[in-house]
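Try each task before reading its solution.

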Amino acid sequence: MNNLVITIITLFGSCLLYSCAGEKPVVEEKIDEPELDKLVARVASVNKEANYVLIQRYGKLVVPEDSVLYTLGVDGHAASIKVTGERLGQFLAADIVSGELIVGDAVYLRNLEKKANTDSH
């Protein structure tokens, strides 16, 4: 009786192992991670009357033409700025598009290049 039980368990176990071995390996679908906005500069000075700011860039900053940067302050205020192309060393001039700016606000660049390519297909 014991031999019969052991034989049945062995046969049943080998059937289970065989059925699992024939399946194709599971391939995880690669999900495109959203690209995070990049911290590129800080607000160095604000001229509200002339409606522009100077930003101090961190490293090399290549801003595509007609790109709008945005700023975030520590208290949660935000603004949009557009780089004018005027540069002096590590400082760039930018027009204030909207919002309030304070010296020291973080300046971010949103990379829309990858999204634009996927939307067109």
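Buried means under 20% relative accessible area, exposed over 50%, and partly exposed in between (1.4 Å probe, protein chains only). This is a predicted model: local features need pLDDT of at least 70, side-chain atom pairs count only at pLDDT 80 or more, and totals for chains, interfaces and linings use all residues. Residues are numbered from 1 along each chain as its sequence is written, and side-chain values use heavy atoms, with hydrogens and water left out.

**Exercise 1.** State what share of the protein is buried, and give the order of its elements.

Step 1. Of 121 residues, 21% count as buried.
Step 2. There are two helices and six strands. Both are DSSP runs numbered from the N terminus (helices: H or I, at least four residues; strands: E, at least two).
Step 3. Along the sequence the pattern reads α-β-β-β-β-β-β-α.

**Exercise 2.** Find the aromatic pair and classify its geometry.

Step 1. Rings of Phe, Tyr and Trp (its six-membered ring) pair if their centres lie within 6.5 Å; planes under 30 degrees apart are stacked, over 60 edge-to-face, the rest tilted.
Step 2. Tyr-70 and Tyr-108 sit 5.4 Å centre to centre, with 20 degrees between planes, so they are stacked.
Step 3. Tyr-70 is in strand S3 (residues 68-72) and Tyr-108 in strand S6 (residues 106-109), 38 residues apart.
Step 4. Tyr-70 is partly exposed at 21%. Tyr-108 is also partly exposed, at 21%.

**Exercise 3.** Is Thr-71 buried or exposed?

Step 1. Thr-71 lies in strand S3.
Step 2. Its relative accessible area is 0%, so Thr-71 is buried.
Step 3. Beyond neighbours within four places in sequence, Thr-71 has contacts (heavy atoms within 4.5 Å) that include Val-43, Ile-81, Leu-101 and Val-107.
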